[in-house]
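The following note comments on the model shown below.

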Amino acid sequence: MAEFANLPPLSLYVHFPWCIQKCPYCDFNSHVVPQDTFPEKEYLQALKRDLEQELPFVQGRKLESIFFGGGTPSLLSANGVEEMLAHAEKYIGFTRHIEITLEANPGTAEQQRFKAYQQAGINRISLGAQSFDHRQLKKLGRIHCADETRRAVDMLRQANIDNFNLDLMFALPGQTLVEAMVDLQQAIDLAPSHLSWYQLTLEPNTVFYREQPLLPDDDVQFEILQEGHQRLQQQGYLQYETSAFSTAHQQCKHNRNYWEFGDYLGIGAGAHGKTTLKTPEGFHIHRRQKTRVPEHYLQSMNPCSKDQVIDEKDLPCEFAMNALRLTTGVPKKLFVERTGLPWSLIDQKVQGLIQQGLLRDDPEIWVTTPRGALMLNSILECFL
Ligand SMILES: C[S@@+](CC[C@H](N)C(=O)[O-])C[C@H]1O[C@@H](n2cnc3c(N)ncnc32)[C@H](O)[C@@H]1O
Ligand code: SF4
């Protein structure tokens, strides 16, 4: 039976499942709704109900971070965000330096709204720039143009929100190395505190999967990746995860907690959560999932559609899948703290991977070698 000295830190993810338009590459749980026609009042009620049902998993902890993700949560009014935060603070409580992020689409940004979000308690914004090339933005089905992203950044600064992330994608349809670097430089020129630089993937159940656009070939993708990493590093953005780059001390606390196998409550349509529960029989790690379809979620008095205890034999792989994405790895003792299992359980497998040159030989830290980072799936197979 897994043993825990302390419960892991706790975060809260709030999913908002609507967007003004569906982007052809997106497989997130997002549904099209004309602006201002989604049922905000009812959704907030359902979120509060959902949160209250999660309370047994809190077990005396306070929240270290909150993330409003989507979909397009910037369609929510600042009053709505404030109401939700007040509820979370009342029922769970916040740690002193809590990070509270809201994802915003530049096409839905207005100056007063950012200021009002900040006054409501948001202290970090993640802006979906995606590209600065108008032809790409059109192909990607975005509702905004590059100038709107620049304007949104101006508004963020005027609202004193200096801690913001830009989401940017590369290996876009027909994109050359030069075009990808021009795009990346335009993002860097806006001086965000954090950059998420994602390689476009063709996900099943998307328009791009059914009608596949011509993407740059593997060699070009590799060159973009190499040159992009170099450019980011030269300009003060340190990579700390596969796609995450930040200036000093501005890593995303919320995502870091996922990768360090911390706990998080997930509320909202289709949200996922992971929590460690202490019972008289011992500790169990639960994965919980909420009803996906917004209409069903709104009507449901018990929105949890799946609650599964992770089998102990699956914990090493689940932990590695998250922790080994971090470029500087994690202390080995974190494996014991977050899974409740002894290191001796995986030591032999780790030694084998060190000998294959996929993990670094380090007495304290569990981290991939550069080659291992490119072969993460082979490492994970070892723990299956
Ligand atoms: C949860 S999404 C939503 C953010 C927000 N709704 C937006 O689009 O501006 C977070 C980010 O994932 C990235 N993303 C979504 N689908 C992707 C895909 N198929 N390949 C690579 N990155 C993707 C995009 O950069 C996106 O901003
Ligand atoms: S706006 Fe974001 S969440 Fe909505 S469809 Fe586009 S990528 Fe997906």
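**Notes on the predicted model**

1. The shell around ligand 2 divides into 4 nonpolar, 5 polar and 2 charged residues. Here Ala, Val, Leu, Ile, Met, Phe, Trp, Tyr, Cys and Pro count as nonpolar, Asp, Glu, Lys and Arg as charged, and the others, Gly among them, as polar. The residues concerned are C19, Q21, K22, C23, Y25, C26, S30, G71, T72, N105 and R142, a residue being near a molecule if one of its heavy atoms lies within 4 Å of it.

2. This is a predicted model, in which local features need pLDDT of at least 70 and side-chain atom pairs count only at pLDDT 80 or more, while totals for chains, interfaces and linings use all residues. Residues are numbered from 1 along each chain as its sequence is written, chains are lettered from A and ligands numbered from 1 in the order in which they are written, and side-chain values use heavy atoms, with hydrogens and water left out.

3. One residue of the ligand 2 shell, G71, deserves a separate remark. The peptide bond from G70 to G71 is cis, with omega near 20°. G71 is placed in the loop between strand 4 (63-70) and helix 2.

4. The protein chain contains 15 helices and 16 strands; these are DSSP runs numbered from the N terminus (helices H or I, at least four residues; strands E, at least two). Along its principal axes, the C-alpha trace spans about 55 × 50 × 40 Å.

5. Helix 1 (residues 40-54) packs with helix 2 (residues 78-91) at an angle of about 15°, the axes being 11 Å apart. Axes are lines fitted to C-alpha atoms, for helices over the stretch in contact, and angles run from 0 to 180 degrees between N-to-C directions. The two helices are therefore roughly parallel (angles under 35 degrees; over 145 is roughly antiparallel, 65 to 115 roughly perpendicular, and the rest oblique). Helix 1 contributes E40, L44, L47, K48, L51 and E52 to the contact, and helix 2 contributes G80, E83, M84, H87, A88 and Y91; contact means heavy atoms within 4.5 Å. By class, this contact has 6 nonpolar, 2 polar and 4 charged residues.

6. The axes of helix 11 (residues 315-323) and helix 12 (residues 332-339) come within 11 Å and cross at roughly 125°; this pair is therefore oblique. L315, P316 and F319 of helix 11 meet L334, F335, R338 and T339 of helix 12.

7. A191 has a positive phi of about 50° although it is not a glycine. A191 lies in the loop joining helix 6 (177-189) and strand 8 (194-199).
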